[in-house]
Amino acid sequence: MSSLFGILGVAERGMSVTSLGIRTAGHNIANVNTEGFSQQRQVTAPGFPINTDAGPLGTGVEQLTIERITDFFVQRQLMREGSRLGANDTQTQALREIETILDEQSGPGLSAALSSFYDSFDDLANATTPGAPVERAAVVTAGQALVDQFGSLDAQLRDVMVGLDNGIANAVPAINELTARIAELNEQIVATEVRAPANDLRDMRELAMRQLSELVDVQSYENDDGAVAVTLSNGAALVEGTSAKTLVTTGSPGNPFNPGFASVAVQDGGNLFDVTADIGSGRLGGLLRSRDTLVPAAIRSLDTLAYNLANSVNTVHQGGVGLDASTGNDFFTAPAAVEDAAANLALDATILASTDAIAAGTTSQSLDNRNAQTLAELRGQRSALFLPGDPPGPASGPSRSILEHAGAVISDIGQQSRTQQLSFDQQTRILEGLQSRRDSVSGVSIDEETTRLIELQAAFQANARVVSVVDTLMQDVLGLI
Amino acid sequence: MGTRITQSMLYRMSLANLDRTRGQLARTQEQASSGLRINRPSDDPLGAGTALTLRAATDAVEQLLRNGSAARARVAALDDALASTSDLVIRARELAVQGANSPVGDSTAEIAREIESLFGALVANANTRYGGGYIFAGYAAEAAPFTTAGAFSDAPPTAPTVSFVGDSGEIQVGIEEGQTVRVTLDGRRVFQGDADGDGNPDAGRVDLFQVFGDLRNALVAGDETAIGAALPELDTALRQLGTERTAAGGVLSQLDAAEQRLANQEVRLASRLSEVQDADLARVVSDLVRQETALQAGLSAMGRLMPPNLLDFLA
């Protein structure tokens with residue numbers, strides 16, 4: 001008799017384990033589109049056998065656990081490559097912006113303004129009216145247009161920097177939110193896993209980790225209790241157990257463009273540790289590199305152009321004589337250094353005060369055009385370039401004409417942008433590949449779950465049938481009484 | 001274990017492929033609408049730099065052509081002045097011949113009057129203006145380069161003296177890279193035969209004002225010897241002007257040649273620029289069709305995504 005009741009127990013356990021299986025399949029199906037969700041599998045084992053005279057006798061099925069199917073290695077790679085993609089993405093965008101600003105494929109730009117400027121000296125040299133008032137005015141107009149062009153390009157590039165700086169300021173709270181969430185999930189996971197694996201919580205944490213690494217490159221490792229520790233690549237802890245440190249932004253007094261630009265620091269109690277230099281990847285890394293390296297390089301290229309232009313024109317201009325017999329005048333305000341030459345480029349006050357100060361000749365005679373001609377010839381003249389940081393003296397840069405230099409600047413930015421785009425495309429594919437691998441391992445397949453459901457349905461029905469068979473047997477036994 | 005194909009995988013892959021096709025299509029459409037292969041430097045960094053250089057070179061050529069036409073106009077003005085001066089000299093020579101063969105008296109006096117007006121025309125020619133300046137004045141172009149002092153008088157026969165107040169500045173205009181042409185002539189050399197500036201005509205040259213003045217005085221005085229002496233002087237004057245005209249003609253043919261070369265260069269630059277930056281429309285259009293087809297295929301595949309799964313077959 002007791003064995004009959006035992007069978008009922010086996011069947012009952014079978015039904016309950018099976019319905020748990022159905023519930024797991026249902027959970028999987030319900031989360032088919034949930035980002036970061038990993039498929040879950042019911043793990044069962046035969047019940048511990050009891051010894052009988054006939055040998056060990058099975059006691060039915062036992063529900064062990066519900067496990068999550070993930071590939072730890074893919075997860076790691078997703079974090080690392082996600083960091084790279086984040087950095088790539090922001091840098092690609094920054095370079096795109098820079099090249100759009102400097103681009104003149106679609107309209108007149110710097111080279112066109114330079115050409116017009118040299119043209120105006122040619123026209124001045126061709127002037128037939130004594131004193132050439134019209135042509136002199138045109139030289140000033142073309143010079144001013146060139147100055148404005150430099151100023152506007154410089155201002156636009158600086159605006160890009162400000163935009164990037166805002167991006168940095170916005171990324172930091174997002175990072176803090178994620179680290180706080182990871183710490184909170186750590187707490188819940190540790191508490192849950194005293195009893196059973198915290199599958200869904202772990203999925204959520206993995207997703208948060210991936211989102212975090214897209215923003216900033218982090219290292220992580222899991223403690224024995226199931227909590228993850230997250231550090232920046234320099235080792236500074238962001239998440240330790242159930243507590244998270246916050247990142248804060250401070251000013252950058254040493255920044256040559258704007259001391260108000262954000263530096264990133266880890267706040268540890270009352271102390272701040274600057275980690276700006278240690279952030280190499282992720283969106284934040286990309287933003288920092290764009291703001292502190294890519295855009296400054298473009299601005300300095302522009303400065304080099306402006307500095308060399310102003311000096312070459314000034315040198316020739318100083319050697320000439322104005323209509324007013326003045327000599328030694330600058331045409332552009334002499335730039336102090338290559339740094340910020342584009343922003344500070346301006347026509348010299350003497351030229352602005354009177355066009356007669358334009359040194360068209362080597363004498364003050366009204367049709368002497370010799371110096372205007374020399375100025376016009378600067379268009380094609382190659383000379384060594386002064387580079388940012390060059391001390392006064394011999395220039396260290398390559399020998400180029402200003403127009404060639406302008407072409408090289410555009411070409412160089414284009415090359416950087418292209419390389420960055422290719423690398424971004426490649427990185428996107430790498431990540432797509434990894435995500436496919438993750439989807440392949442951890443994603444939910446409706447076909448699979450449906451098959452499971454049918455399987456489980458059949459199992460449930462069979463277990464129920466066992467109950468009804470036992471019931472019949474019992475009826476038979478009771479009938480004996 | 002074979003690869004599990006899961007729902008999220010299918011969606012993600014289709015979406016990524018659609019994105020890519022759409023991206024390609026957008027680029028091709030940009031090329032089709034702009035007609036340019038290079039729409040931003042990163043499309044072809046080297047090409048973009050080359051295009052810039054070519055555009056700058058084209059601009060420089062255009063400016064040189066403009067210089068050339070400015071130079072041409074000025075040299076033409078010089079040539080006109082020289083031609084008209086030559087006409088004056090030829091007329092003076094005719095009058096001198098006529099004067100030498102006429103009996104002294106009223107007719108020579110009449111001829112002398114005509115020489116006086118020729119003298120005036122000669123001074124006017126020497127003070128020819130172009131574009132507001134005086135073309136024989138050198139750099140000092142704001143004032144007439146030749147000033148006359150005195151007037152014609154008959155007893156004793158005297159003529160006004162002409163002196164040069166310009167300078168010997170030569171205005172050069174760049175007509176090709178590294179090549180300039182002179183678009184002015186030194187008035188003193190042309191009209192006074194004085195290239196070295198010592199105040200006297202150089203060997204083999206004459207002072208036209210002097211020759212005209214002397215001829216006029218000889219006619220007034222009826223000095224046949226002096227009238228006869230004017231003839232070789234006038235011949236020298238014609239040669240002197242002829243030499244200058246030849247020089248001006250030389251400049252004009254130099255300009256022609258330069259213009260021709262520049263025009264060729266402009267065509268070459270334009271075709272090179274087109275090669276570098278223009279889209280091959282035939283290719284762009286075929287790409288466009290191909291990519292549109294690909295996009296449509298992708299979209300319809302996406303529409304039918306959710307490939308039949310087991311659920312479709314369960315009652």
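**View 1. Strands E10 and E11 of chain A form an antiparallel hairpin.** In this predicted model, strand E10 (residues 263–268) and strand E11 (residues 271–274) of chain A pair in the antiparallel sense over 4 bridges. Two strands count as paired if DSSP finds at least two bridges between them; strands are DSSP runs of E with at least two residues, helices are runs of H or I with at least four, and both are numbered from the N terminus. Ala265(A) has Asp274(A) in E11(A) as its bridge partner. The hairpin has 2 residues between the strands, and Gly269(A) takes a positive phi near 60°.

**View 2. An open sheet of 4 strands in chain A has antiparallel pairing.** The order of the strands is E5-E6-E7-E8. Strand E5 (218–222) and strand E8 (243–244) of chain A each have a single partner strand, so one side of each is left without a neighbour in the sheet. Strand E7 (residues 237–240) of chain A is joined to E8(A) by 2 bridges. One residue of this pairing is Glu240(A), whose bridge partner in E8(A) is Ser243(A). Strands of a sheet pair through backbone hydrogen bonds.

View 3. Residues in the contact (heavy atoms within 4.5 Å) include Leu178(A), Ile182(A) and Leu185(A) of H4(A) and Leu201(A), Met204(A) and Ala208(A) of H5(A).

**View 4. Ser401 of chain A is a buried loop residue.** Ser401(A) is in the loop between strand E13 (399–400) and helix H10 (402–442) of chain A. Its relative accessible area is 3%, where buried means under 20% with a 1.4 Å probe and protein chains only. Leaving aside neighbours within four places in sequence, Ser401(A) is in contact with Arg379(A), Gly380(A), Gln381(A) and Arg382(A).

**Notes.** Residues are numbered from 1 along each chain as its sequence is written, and chains are lettered from A and ligands numbered from 1 in the order in which they are written. Local features need pLDDT of at least 70 and side-chain atom pairs count only at pLDDT 80 or more, while totals for chains, interfaces and linings use all residues; side-chain values use heavy atoms, with hydrogens and water left out.

Conventions
Buried means under 20% relative accessible area, exposed over 50%, partly exposed in between (1.4 Å probe, protein chains only).
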